[in-house]
Amino acid sequence: MMTLLRNPWLKVAAAVVFEPMWVLGMKHADNIWMTGLTIFALIASFFMLLKASDQLPVGTVYAIFVGLGTVATIIANWAFYGESLGVVQLGLIAALLFGVIGLKLMEDA
């Protein structure tokens, strides 16, 4: 497991996985356990973001973290809390994803 996390892109992915947990947790942390889980997810997310930034360009890492984290949060909010998700939102999510992919491709060029 630890060798997997040597890959900086897996650190970014881990940070993105934890992001919707703390973002949605802020809204639903109404007891000590949920508050604790929210704080854990926040710390884990930013720790992975910082570790990835040790090996990758900070601007690229942050843009990908924010872009994919936003997409993950919107989808989680739709899946778990019934928020609306229409054609316009899906189109904007697709545009955001294309931008994130473009940043990754430009970083490799």
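Predicted model: local features only at pLDDT ≥ 70, side-chain atom pairs only at ≥ 80, totals over all residues.
Local features were considered at pLDDT of at least 70 and side-chain atom pairs only at pLDDT 80 or more, whereas totals for chains, interfaces and linings use all residues. Residues are numbered from 1 along each chain as its sequence is written, and side-chain values use heavy atoms, with hydrogens and water left out.

On a 1 Å grid over the protein atoms alone, a pocket is an open set of points where a 1.4 Å probe fits, with protein on both sides within 12 Å along at least five of seven lines. The largest pocket has a volume of about 220 Å³, a volume being the space filled by probe spheres set on the points, which are joined across faces, edges and corners. Its lining (residues with an atom within 4 Å of a point) consists of 14 residues, of which P20, M21, L24, G25 and M34 lie nearest the centre.

Helix α3 also holds T73, where helices are DSSP runs of H or I with at least four residues, numbered from the N terminus. T73 is buried, with a relative accessible area of 13%; buried means under 20%, exposed over 50% and partly exposed in between, for a 1.4 Å probe and protein chains only. Leaving aside residues up to four places away in sequence, T73 touches P20, V23 and L24, contact meaning heavy atoms within 4.5 Å.

One salt bridge was counted, defined as a side-chain nitrogen of Lys or Arg within 4 Å of a carboxyl oxygen of Asp or Glu. This salt bridge joins the side chains of K51 and D54, at 3.7 Å from N to O.

Key: Helix = DSSP H or I, 4+ residues; strand = E, 2+ residues; numbered from the N terminus.
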